[in-house]
Amino acid sequence: MIREGDKVLLIDKRGKRYLVTVSEREFHTDLGILKLGELIGKEYGETIVSHRNEEFRVLKPDINDIIAKMKRGPQIVHPKDAGIILAYAGISPGDTVIEAGVGSGALTIFLANAVGPNGRVISYERREDFARIAQKNIELAGFSDRVTIKLKNIYEGIDEEHADHIVLDLPQPENVLPHAVEVLRPGGYFVAYTPCMNQVHRFFQAFQEYKEHFYKPRVVEVLVREQEVKKECMRPKTTMLAHTGYITFIRKL
Ligand code: SAM
C-alpha cells in the first residue's frame, strides 16, 4: 500500500514517466493536475486521474527509473556497462565494494542495489560538487544505509583495510593498482571503466609491474543493438549507442 513520503512512478497514456513523492500537494502536467494525496492507500498497478480525466498508471520505481530522473553531474555509466560489471565481477549481497569516482552516483546505485542491505559501497570522489549531487541521488534511491561517500583522491591511497572488489570510473585507474594489491581479497575483482583505448593501453603498461598478483585480465566493450518491433516490420533500430567505454577486469590472486 502506498504511503505519504513514498516515491512513486506515474506513467501517462503516451508512456511519459514522472517520479513524484507522495504528499498532499498538486502535481501539474500537460495532461492536467493530479492531487498526489489521492495516491495514499492505493496499490501499485492502480491508476490516478487528472482534473482533465486523463489516467496515469502508478508503479513502484526501480533503480533505472531513479537514474533516468535524477540530477546529473558528470557522464554516468550506462546500464549496459553497469550490468556487465556486476555480472563479470560477481558482485553479490553482503560484499564490500570500493568505488571511485562517484560522479553522479549512477554506478554507485547499481552497486548498492547488488550488495544489498548487508553490503557496503565506499565511494571516493575528489570533487565536492559531484559528491553532493551523488549523495542526493543515493538518498533518492534509498541507499544511504549502505553507501559512504569520501571526499578524497583515491590515487593517494585507500583507507579501508579490506575490500571484496574495487570498481573505478576515473581517468587513470593504474594509479590505484598499488593500493588495490594491499586491500583486495584473493578472488576479488579490480574493475576499470575507461572511455578510451589509449587509457586501456596505459593501464596495461603499468599493470606489468603488478601482474603476478592477478589472474588473467579481461577487457570487454558492450554493444547493445535494440530492435524496432512493429507489426509490419521487425528489424534493428537505425541508430544505436555505438561506444561508451572499455571495461577491464583483473582478479586478485
Ligand atoms: N561512474 C559515475 C556515474 O555513473 O555516475 C561517473 C564517474 S565520472 C565519469 C568520474 C568521476 O571521477 C568524476 O566525478 C571525478 O571528479 C572523479 N575522479 C577523478 N579522479 C579521481 C580521483 N583520483 N579520486 C577520486 N575521484 C576522482
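1. Is Asn53 buried or exposed in this structure? Asn53 is exposed, because its relative accessible area is 63% and a value over 50% counts as exposed. The residue is found in the loop between β5 and β6. It should be kept in mind throughout this note that the model is predicted.

2. The backbone of Asn53 also deserves attention. Its phi is near 65 degrees, a positive value in a residue that is not glycine. As background, most residues other than glycine have a negative phi, and most peptide bonds are trans. The peptide bond from Ala100 to Gly101 is cis, and its omega is near -20 degrees. Gly101 is located in the loop between β7 (96-100) and α3.

3. The overall features of the chain may be set out next. Its secondary structure consists of six helices and 15 strands. The C-alpha trace spans about 65 × 45 × 30 Å along its principal axes. Of the 253 residues in the chain, 49% are buried.

4. Salt bridges form the next topic, and the count comes to 14. One of these pairs joins Lys13 and Glu54, whose side chains meet at 3.1 Å, N to O. Lys13 lies in the loop between β1 (7-11) and β2 (17-21), while Glu54 lies in the loop between β5 (47-49) and β6 (55-59), so the pair ties together parts that are 41 residues apart in sequence. The two partners may be compared by their accessibility. Lys13 counts as exposed, with 60% relative accessibility, whereas Glu54 is buried, with a relative accessible area of 17%.

5. The loop between β1 and β2 also holds Asp12. What is the relative accessible area of Asp12? The value is 4%, and Asp12 is therefore buried, since buried means under 20%. The side chain of Asp12 takes part in two interactions described here. With Arg14, Asp12 forms a salt bridge in which the closest N and O atoms are 2.6 Å apart. With the side chain of Tyr18, the side chain of Asp12 makes a polar contact at 2.8 Å. Arg14, for its part, is partly exposed, at 44% relative accessible area.

6. A further salt bridge is found between the side chains of Lys152 and Asp159, at 2.6 Å from N to O. Through salt bridges that share partners, Lys150, Lys152, Asp159 and Glu160 are joined into one network. Lys152 counts as partly exposed at 25% relative accessibility. Asp159 is also partly exposed, with a relative accessible area of 44%.

7. Which residues come nearest to the ligand? Of the 23 residues around it, these are Val77, Glu125, Asn153, Ile154 and Asp169. Two secondary structure elements, α3 (106-115) and β8 (120-125), each supply at least two residues of the shell around the ligand. The space that the ligand takes is the largest pocket.

8. An N or O atom in the side chain of Asn153 lies 2.7 Å from a nitrogen atom of the ligand. For Asp169, an N or O atom of the side chain lies 2.8 Å from a nitrogen atom of the ligand. Ser104 takes part through its backbone, where an N or O atom is 3.1 Å from an oxygen atom of the ligand. On its own the ligand has 610 Å² of accessible area, and the protein covers 91% of this.

9. The last point concerns Thr194, which is found in strand β11 (residues 184-194). Is Thr194 buried or exposed? Thr194 is buried, because its relative accessible area is 2%, and the limit for this class is under 20%. The C-alpha atoms of Thr194 and Pro93 are separated by 26 Å. Along the chain, these two residues are 101 residues apart.

Definitions and conventions. Residues numbered from 1 in each chain as written. Predicted model: local features only at pLDDT ≥ 70, side-chain atom pairs only at ≥ 80, totals over all residues. Heavy atoms only, no water. Salt bridge = Lys/Arg side-chain N within 4 Å of Asp/Glu carboxyl O. Buried < 20%, exposed > 50% of the residue type's maximum accessible area, 1.4 Å probe, protein only. Helix = DSSP H or I, 4+ residues; strand = E, 2+ residues; numbered from the N terminus. Near = heavy atom within 4 Å. Polar contact = N/O pair within 3.5 Å; in protein donor to acceptor, adjacent residues only side chain to side chain. Areas by Shrake-Rupley, 256 points an atom, 1.4 Å probe, with all protein chains shown as cover. 1 Å grid on protein atoms, 1.4 Å probe; cavity = no way out; pocket = protein on both sides within 12 Å on 5 of 7 lines; lining within 4 Å. Sits in = over half its atoms within 2 Å of the grid points.
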